[in-house]
Amino acid sequence: MNDILKYLRELIAIDSPTGFFHKTDEYIISELKKLGFSPKTQVKGGVVAELGGSGNALCIAAHADTIGLMVRRINPNGTVVVTNLGGLHPFYCLDANVRVYSRGGKVYTGVMRRANPSVHLMSEEERGAELDFEKNLFLVLDEVTSSKKETEALGICCGDCVAVEPNYIETPSGFIKSRFLDDKASCAVLLALAKKVSEGRVKLNRRVCLMFTEYEEIGHGGAKIPEDIYDFLAVDIGCVGVNHYSDERKVTIGVKDAAFPYHTDLVNEMVDKAKAKGIDYVLDMMLPRYGSDANVALRAGYDVRHGLIGPGVLETHGYERTHKDALKATYELIESLV
């Protein structure tokens, strides 16, 4: 757990809305090189690393990109209209602190506010209005600006990346609260596995490679995977909520999502491993809005057995929460497969 939490804290601290991948890729490459591996970058962004072993190849993938925002235009009063990157909804953005990465290299802070933010000044209609990036929820910069011209003079323009503050917290009871546990929690688990392999504490019974994808949040993270893979395992999140079995303290083994079912034989093998090792797991379907890099790999034409596992996470794509037990169970299940 110490390794997992170290990697998680460091990953969460790096802003990486989908498409804004350079710093996360640099971090992952640096950590893998420290462990003695030779990671390679993908042209579009993303990192692949062979851990060793031979036969019956397993590729384990987690995505390093997160949901986020992007500057669309500047209002006459100097506030900024944003659009979402991936599934970040307006109601999860209200009062969120953000960082704007301008093309000139400067970073500005700001906060997402209602157009008329003071409760004392709101009409009843405004209080009950649905939040909308175009109509009533704007980015207010922490700069002295009250006009479009003044905001443009800061170097802010259409297409600038806007990252939301994650607000990472670990509680004494073992819960972890933060934005973007999806999917940096899984990335941390994969790096912890690489560390144990490098130290000789895990012996590989098959060829194993790790894949840290970018662009999963918009649907093409796993479109290119290493050659000659037999099993492709996406490590993402289990959605905790109404009518679902996923649990914040357990690992979820996915059986189906909004795209299609996961490979029956691989699912059954993972269930058998979990039972044999005494790992706390649940079987669950991620419905109605969920997809993974494993889905994308199949659509791209790869002939693999595809699977999905991940820690149970509450309030996905919002201010998420999981528990150390779920991270531990996820790690243990992965280790049992290698």
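**Close-up 1. Cysteines without disulfides.** The predicted model holds zero disulfides; a disulfide is a pair of cysteine sulfur atoms within 2.5 Å. For Cys93, the closest cysteine sulfur belongs to Cys161, 13 Å away and too far for a bond. Cys93 is buried, at 0% relative accessible area. For Cys157, the closest cysteine sulfur is that of Cys158; at 7.0 Å, this too is too far for a bond. Cys157 is partly exposed, at 30%. Buried means under 20% relative accessible area, exposed over 50%, and partly exposed in between (1.4 Å probe, protein chains only).

Residues are numbered from 1 along each chain as its sequence is written, and side-chain values use heavy atoms, with hydrogens and water left out. In this predicted model, local features need pLDDT of at least 70 and side-chain atom pairs count only at pLDDT 80 or more, while totals for chains, interfaces and linings use all residues.

**Close-up 2. An aromatic pair, Phe20 and Tyr101.** The structure holds three aromatic pairs. The ring centres of Phe20 and Tyr101 lie 4.8 Å apart with planes at 50°, so this pair is tilted. Phe20 sits in the loop between helix H1 (2-12) and helix H2 (22-34), and Tyr101 in strand S6 (residues 97-101), so the contact ties together parts 81 residues apart in sequence. Phe20 is partly exposed, with a relative accessible area of 25%. Rings of Phe, Tyr and Trp (its six-membered ring) pair if their centres lie within 6.5 Å; planes under 30 degrees apart count as stacked, over 60 as edge-to-face, the rest as tilted. Helices (H or I, at least four residues) and strands (E, at least two) are DSSP runs, numbered from the N terminus.

**Close-up 3. A charge over a ring.** Arg321 places its charged end over the ring of Phe175, 3.9 Å from the ring centre. The criterion: NZ of Lys or CZ of Arg within 6 Å of the ring centre and within 35 degrees of the ring normal.

**Close-up 4. Two cis peptide bonds.** Asp182 and Asp183 are joined by a cis peptide bond, with omega about 10°. Asp183 belongs to helix H5 (residues 181-198). Leu287 and Pro288 are also joined in cis, with omega about 5°. Pro288 lies in the loop between strand S16 (281-286) and helix H7 (293-299).

Close-up 5. Most residues other than glycine have a negative phi. Phe180 has a positive phi of about 70°. Phe180 lies in the loop between strand S11 (175-178) and H5, and is buried at 9% relative accessible area. Asn243 has a positive phi of about 65°. Its loop runs between strand S14 (238-240) and strand S15 (251-257). Asn243 is exposed, at 76%.
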